[in-house]
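Let us take a friendly look at how protein chains meet. Please keep the sequence and the structure open beside you as you read.

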Number of protein chains: 4
Amino acid sequence: MKENLSLLSPLDFIPADIHCAADYESLAARFIPAPGLEYIAGGSGQDKTLAANRRAFDQWFICPRLLPDLGDAHTRLGLLGREFAHPIFLAPVAYQKLAHPAGEIETARAASVMQSCMILSTLASQSLEEIAAIGTEEKWFQLYFQPNIEATLDLIRRAEAANYRALVVTLDATIRTPSLGALRSQFQMPADCVAVNLQDYEINSPRVLAAGESRIFKGIMQDAPTWADLQWLINQTHLPVIVKGVLHPDDALRIKKLGAAAVVVSNHGGRSFDGAMASLNCLAAIRAILGDEYPVLFDGGIRSGLDIFKAIALGADAVLIGRLQVYALSVAGALGVAHMLKLLREELELCMAQAGCANLQAIRNCRVEKVSI
Amino acid sequence: MKENLSLLSPLDFIPADIHCAADYESLAARFIPAPGLEYIAGGSGQDKTLAANRRAFDQWFICPRLLPDLGDAHTRLGLLGREFAHPIFLAPVAYQKLAHPAGEIETARAASVMQSCMILSTLASQSLEEIAAIGTEEKWFQLYFQPNIEATLDLIRRAEAANYRALVVTLDATIRTPSLGALRSQFQMPADCVAVNLQDYEINSPRVLAAGESRIFKGIMQDAPTWADLQWLINQTHLPVIVKGVLHPDDALRIKKLGAAAVVVSNHGGRSFDGAMASLNCLAAIRAILGDEYPVLFDGGIRSGLDIFKAIALGADAVLIGRLQVYALSVAGALGVAHMLKLLREELELCMAQAGCANLQAIRNCRVEKVSI
Amino acid sequence: MKENLSLLSPLDFIPADIHCAADYESLAARFIPAPGLEYIAGGSGQDKTLAANRRAFDQWFICPRLLPDLGDAHTRLGLLGREFAHPIFLAPVAYQKLAHPAGEIETARAASVMQSCMILSTLASQSLEEIAAIGTEEKWFQLYFQPNIEATLDLIRRAEAANYRALVVTLDATIRTPSLGALRSQFQMPADCVAVNLQDYEINSPRVLAAGESRIFKGIMQDAPTWADLQWLINQTHLPVIVKGVLHPDDALRIKKLGAAAVVVSNHGGRSFDGAMASLNCLAAIRAILGDEYPVLFDGGIRSGLDIFKAIALGADAVLIGRLQVYALSVAGALGVAHMLKLLREELELCMAQAGCANLQAIRNCRVEKVSI
Amino acid sequence: MKENLSLLSPLDFIPADIHCAADYESLAARFIPAPGLEYIAGGSGQDKTLAANRRAFDQWFICPRLLPDLGDAHTRLGLLGREFAHPIFLAPVAYQKLAHPAGEIETARAASVMQSCMILSTLASQSLEEIAAIGTEEKWFQLYFQPNIEATLDLIRRAEAANYRALVVTLDATIRTPSLGALRSQFQMPADCVAVNLQDYEINSPRVLAAGESRIFKGIMQDAPTWADLQWLINQTHLPVIVKGVLHPDDALRIKKLGAAAVVVSNHGGRSFDGAMASLNCLAAIRAILGDEYPVLFDGGIRSGLDIFKAIALGADAVLIGRLQVYALSVAGALGVAHMLKLLREELELCMAQAGCANLQAIRNCRVEKVSI
């Protein structure tokens, strides 16, 4: 990206040179300032897990079937007792005003139009109640445990009251560090981009460490949620609780047994533990241990309908779209996000037609092959 | 390719700098406009399968035998009850006027001279009857099921009447999308390059979709052929029916049982499902399930006699040459295609001599080794 | 590095653009003359083993656990009957005046502040007695067998007298050749950078070879230590003897049986045998043959806390930091080395928190996965 | 290489910037005209096997042993009942006047000084009798079967009379094609560079092919030797017959049973069958089928003592040096070749010392590991 290229404001039309959903990624550099883009595009540390997420997709190829009967073909799925039109959900992405002045409002409009389940982040830059009021499509609320329990409980009650239909509790992000790229770009969150839903909660004063105490173990991680907290959460709400950030099959099984409604296999898009396995590489073992029926969602590296197909083939019921959501938002607001979702769905349907799969279950049964690249 | 390089007209001589068949690929950029070349050279989408096709060849190496007895060495093969001089056939490539003003006429002349079985595309830009009249070498007709059955039947009867000796029905191309490269180059088919053999058939009016209906499942794929259509075709004609586009062993077996005469292991040169396995990587399993005797043809990524050798070693009886055919056509018309075929055959014979294989069966028994690259 | 960039003197502050321990590596080029940097950064010969050391780390990914109980989390380890605050030791690196005017004195100050076990090299450019007097943290002395036994014995006695707590005898470096990079840069050790601790020992006159005798076998290697020498050393001192340079499991087992207190799995940072396996790739087999309890240290390629985590996961109790030590020393003396150690420890703690490991034993039990890259 | 760089004449001293044997490769570009260098450096066709030969070496790493007893260390080997000082032989390389005005005379001088067994090519550009008279070191004669048997027999008798101690019959080169690089450089053998030892033999008039007959099968390969020819050769001479060009274990076993004295595992340095396996990848299977005692030589890709070590570890008794021989010859004639041999031997001894191998048998027993790169 040339430095002297002036940035564009969000468009109110779809640019002619978008041929596939992934094209929003390259175009976003025209709409998001370089430091912000580093923050969004980057993972954590040296971006090893970020890169592994993508590379994992590139290793898989599909053995298609001929002459499928697609008379009743569809992308529908049943999940938590409801039916969704397609398995392409919007991941909880924080601070969307960074990409567009209206932030999550635009995203919610797109989700509604495209029948996509939007998962609103605790760290949204727009009010959770305001977002809830947009459109009629089912929405979920992503929950971070707050330092004090009253805040957490208040968030739960507000989400319930606003008619969010599930709580997605993220457990892999107690401690995160930016990518070196973001650090070097000296990215700062703009002043108008704040976690408005947390503004009324008391902020705990930072823990004072004794000499020699670990800033990490005794500082930051003392606020980390526990298995008891997760159990508390499940008991506390009538909403289904979905656990996001699961990579280890034993954790997945324990979470299922605890009564969670679903898991999201995720390494936080490579933004949390730089060194974690590619989330795609964790899918099959988690599906195997949880059985065919338990809901398993997935995110991490998806850029196309083909990627969605591969994630489903390896065990996912549905997928969450993170970075592409923000890129499309930056380019053309609600219009961009809606178009991006439309493209992804058509790309998925195209793959299904070409692979001979009339529904998502058929994808799960599809023959895939890993090659070394 | 420099933009300001003026394009050349097809030559009437062989350029001095053609040292091997693959050299036609680089030379073609001097003879085909850039957008057309993008269309021809590209695969589909991000060209993942296109690249996989080539990479699959690069992984195999051959363990040659010494001191072979080549006294009776030859490249002949028996197929469908006839004998062919060599296993290098011309794949059905549409719209050849794109590469040369006389299109398929030149190709047919070359095929006849070089004793190569030409497979004429349904989408040829020259009349199937005119092509049939060129030379005495056996030709096959490639069939796409047409939207209405009368057109399909008429094509079959015309092919029979024109003395095509087999029907190659392509089943992997109901829905295809261009490569991003072709899209970005804004390629348009020239006005004089049309599917002349289909011009007299009624065009179905496009299906009107209800709101929310999938453009792919309910639109395009509603015209997709079915297993019943394939059975109908086999019953309808006395010609052997060869099914092109097979990658999955279970499909191959079902096709054999249905009475088809042969299969072509192919992913449409990476031009159909971008995400499909490399066709070379599908060969061995298909040969294994079909048994040693059933005819298996192959295409996808061949650029040399060595590639042909590898495809045969992994289970093919014969191979189809697609892109090289068009490149050579663009460079020097019939002369170029004939020369390209001559080079491929000599390259194959060279490999056979060097590997110690006196015939194609010996290639099949040859020891090959896959290395990670 | 631009040639005309003038070199900087060691700073007395931490540069703002150090975001992780590895950043000292790139920054060092501003502080160390190019030939010296070639000498330090290079391995041996064509740097094949040097590169393999790093690549081995890049292949491993970690499957983290959620919701760990980190209430008592720590990085402590017991070793040789003592407890160390963390497993990050300073490798014996020779001639540290090359990187900083005060050389090992600065390093020792940093080690003491950061509770890191420093291993002083026989080839230190500062007096072993002077280094021993710095700080209160436990130090070890690295021993090269000297050409005559009196010198070796005197070194042992001096190390004992100076209160070094272990002898680390390096056995993989009898014969070493510089990297081609160092040779081409025409690196020469500066006149003021000498092995001061050896200055008083008689230098053996070089062995005179008969015609046709191998310079290597009959020259250099005649001074190589033997298994008897190692046994002699163990018998000679009350200090624990740690053997550095072990790659083969059978050697490791023999060393354990001989009574050595620990082994260091190491290929001398790729500086000795260019062709040796990556030391990380040797760890698991050595841990397996020695059992869970025997102390195994590791060096070779560590640039981050993540690398330390991986080495421990594959069997190491503690790790030695070589090149980063020198780079940090060149940038900011004791301050730099201390900061680098602090960063590594925090990076390790970060990985532990993110992977859900409350202590080093939990790392050992962690699920890791090797991918081809 | 810059085009306008003027070429140098062979030096009478060793250039200062030769740090290892492989350095002769890069330096040769200053001494050999570009087309000649393409011819020498290139393999065949697209150089796939040439590249595979080198890559095969890069995949292997060695697990060294500590504290070896090198008191009696040496590089000697017994072969064909004689003892050789080291396992580094000079491969039969044709037309050495291409690299140096005195060609094979210089090479022979170097071989004698460095106790290397030189294998003189049938296509030498100097008289086989003249070469035989140089020095006292054992030499072998490489034999190509000639189109008529009298010429072959005369060559055998001349080699016997000139006191060559073995015949190395090359069987993998009946048909060879240049690399595309050599073709494109339009290399022509200089007029003064001829196969002088064949000048007196009658040249068969080229075979006249019938229409449609294969130029390869019925032309060139009709002159190919047969198993009967090999048996005839073994019966015809009292010299040990060594078969060069063996890659398949079944061929190796048949050759052993026929009474040949040894095999050379070789793919002609990638200059014959472009598509053949890397010769290093063929070694282990051939050693396994022939047993520990039968002499197995190796060539293909060796550039260093480390490569020699690896070839021996994988089953070779001795190795042949091809291209490095010519490069060193071009740089400094006999002096260069002798220096190159000295460097290789010292590099081998260095590896042995570092790996803990006191002799070649110990190398064979060494633990090596293949990694994917």
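Predicted model: local features only at pLDDT ≥ 70, side-chain atom pairs only at ≥ 80, totals over all residues.

This report looks at chain B and its two partners, chain A and chain D.

Residues are numbered from 1 along each chain as its sequence is written, chains are lettered from A in the order in which they are written, and side-chain values use heavy atoms, with hydrogens and water left out.

**Chain B with chain A**

Contact (heavy atoms within 4.5 Å) involves 42 residues of chain B and 32 residues of chain A. The size of an interface is often given as the accessible area lost when the parts come together. Here the buried area (the accessible area, taken with a 1.4 Å probe, that two parts lose on being put together, summed over both) is about 3300 Å², and carbon and sulfur atoms give 62% of it. On the side of chain B, the residues that lose the most area to chain A are B:Phe217, B:Phe273 and B:Met277, together 23% of what that side buries.

Polar contacts (pairs of N or O atoms within 3.5 Å, where within protein one must be able to donate a hydrogen and the other to accept it, and residues adjacent in sequence count only if both atoms are side-chain atoms) link 12 residue pairs across this interface, both residues being at pLDDT 80 or more. By class, the side of chain B that touches chain A has 20 nonpolar (Ala, Val, Leu, Ile, Met, Phe, Trp, Tyr, Cys and Pro), 10 charged (Asp, Glu, Lys and Arg) and 12 polar residues (the others, Gly among them).

**Chain B with chain D**

Here 32 residues of chain B are in contact with 42 residues of chain D. About 3300 Å² is buried between chain B and chain D, 62% of it on carbon and sulfur atoms. B:Phe61, B:Leu66 and B:Leu67 supply 24% of the area that chain B buries against chain D, more than any other three residues.

**Salt bridges**

A salt bridge is a side-chain nitrogen of Lys or Arg within 4 Å of a carboxyl oxygen of Asp or Glu. Chain B and chain A have four, and chain B and chain D have four. The table gives one example from each interface.
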